[in-house]
Amino acid sequence: MTIPIPTSLKEMTNRITVGKREAVYFSQDKASGFYRVESGFIGLYQVAETGKESLLRLYGKGSYFGYRSLFTYQRYPATARAMEDSVISRVNVHSFEDLQHLSPSLTKALTTEVCQELGEAERRLVQFSAFNAKNRIIDAIQHFFAHYPHYPWTYREISEYSATDVTTVIRFCKLLKQSGVLCKHHRNPHPLDLSKLRSTHWMSKENVE
């Protein structure tokens, strides 16, 4: 979704620059409005009781995030962190009713976005239970490099997004490098051709887990 911030919200909007890996807000922080990405991109992380973060979702230029708390009146459920140096706009609206009054069109768009994100989350849950580790790794690599090809993705980030042990990710990516699907000369995973990831050979059940 790339809807600009409506004129009716401009007076309550301010721009913020966040550095790479800097948190916009933390899980369980009191909600203080919502955000739009102007440049760079933002990762949404779930934090376990052990303190370990897992990458859940990515928001690129033109995307809104942090708005679900408007609907639930709860604290932020996850941590939002800049994946690279980014510029974001913070919209200081604190209730669904206020947003609906100020901008019915954006309210409708964000409501639709919530439903779409729920559908995507359900799809990923099915994927985690029904697909093997290899397919989850492939899906993560495809998603990352289709949307953010210039970011230096790491094995750890692929591991987090695919809910797969990092050792398994490294081992399978080594096979992909040997096959010529990933570049042998990059330390981190870097696909030469995304279409090859879905080839019949790599969708077979060999070398899984």
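The protein chain contains 6 helices and 8 strands. Helices here are DSSP runs of H or I with at least four residues, strands are runs of E with at least two, and both are numbered from the N terminus. This is a predicted model, in which local features need pLDDT of at least 70, side-chain atom pairs count only at pLDDT 80 or more, and totals for chains, interfaces and linings use all residues. Residues are numbered from 1 along each chain as its sequence is written, and side-chain values use heavy atoms, with hydrogens and water left out.

**The whole chain**

- Along the sequence, the elements of the protein chain run β-β-β-β-β-β-α-β-β-α-α-α-α-α.
- The protein chain has 209 residues, and 44% of them count as buried. Buried means under 20% relative accessible area, exposed means over 50%, and partly exposed lies in between (1.4 Å probe, protein chains only).
- Take the contacts between residues at least 6 apart in sequence: 73% of them join residues at least 24 apart. A contact means heavy atoms within 4.5 Å.

**Ser 89 in strand β8**

- Ser 89 sits in strand β8, which covers residues 86-91.
- Ser 89 is buried, because its relative accessible area is 2%.
- Val 37 is 52 residues away from Ser 89 in sequence, yet the two C-alpha atoms are 6.5 Å apart in space.
- Beyond its neighbours within four places in sequence, Ser 89 is in contact with several residues, including Ile 5, Thr 13, Asn 14, Phe 34 and Tyr 35.
- Glu 38 is another of these contacts. The side chains of Ser 89 and Glu 38 make a polar contact at 2.8 Å.
- A polar contact is a pair of N or O atoms within 3.5 Å; within protein, one must be able to donate a hydrogen and the other to accept it, and residues adjacent in sequence count only if both atoms are side-chain atoms.

**Helix α5 and its partners**

- Two packed helices are described by the angle between their axes and the distance between the axes. Axes are lines fitted to C-alpha atoms, for helices over the stretch in contact, and angles run from 0 to 180 degrees between N-to-C directions.
- Helix α5 (residues 155-162) and helix α6 (residues 166-179) have axes that come within 9 Å and cross at roughly 115°. So α5 is roughly perpendicular to α6.
- Angles under 35 degrees count as roughly parallel, over 145 as roughly antiparallel, 65 to 115 as roughly perpendicular and the rest as oblique.
- Residues of α5 that meet α6 include Tyr 155, Ile 158 and Ser 159; on the α6 side, Val 166, Val 169 and Cys 173 are among them.
- The axes of helix α4 (residues 133-147) and α5 come within 9 Å and cross at roughly 115°. That makes α4 roughly perpendicular to α5.
- The contact between them includes Ile 137, Ala 140 and Phe 144 of α4, and Ile 158 and Tyr 161 of α5.
- Helices α4 and α6 pack at about 75°, with their axes 10 Å apart. They are therefore roughly perpendicular to each other.
- Among the residues making that contact are Ile 137 and Ile 141 of α4, and Phe 172 and Leu 176 of α6.
- In α5, 7 of the 8 residues are buried, so the helix is largely enclosed by the rest of the structure. Glu 157, Glu 160 and Tyr 161 are among those buried residues.

**Ser 159 in helix α5**

- Ser 159 belongs to helix α5. Ser 159 is buried, because its relative accessible area is 11%.
- A polar atom of the Ser 159 side chain lies 2.4 Å from the backbone oxygen of Thr 164.
- The Ser 159 side chain also reaches the backbone nitrogen of Val 166, at 3.3 Å.

**Positive phi angles**

- Most residues other than glycine have a negative phi.
- Ala 163 follows α5 and has a positive phi, near 55°.
- Gln 28 is not a glycine, but its phi is positive, about 80°. Gln 28 lies in the loop between β2 (23-25) and β3 (34-39). Gln 28 is partly exposed, with a relative accessible area of 49%.
- Tyr 73 also has a positive phi, near 55°. Tyr 73 is in the loop between α1 (68-72) and β7 (79-82).
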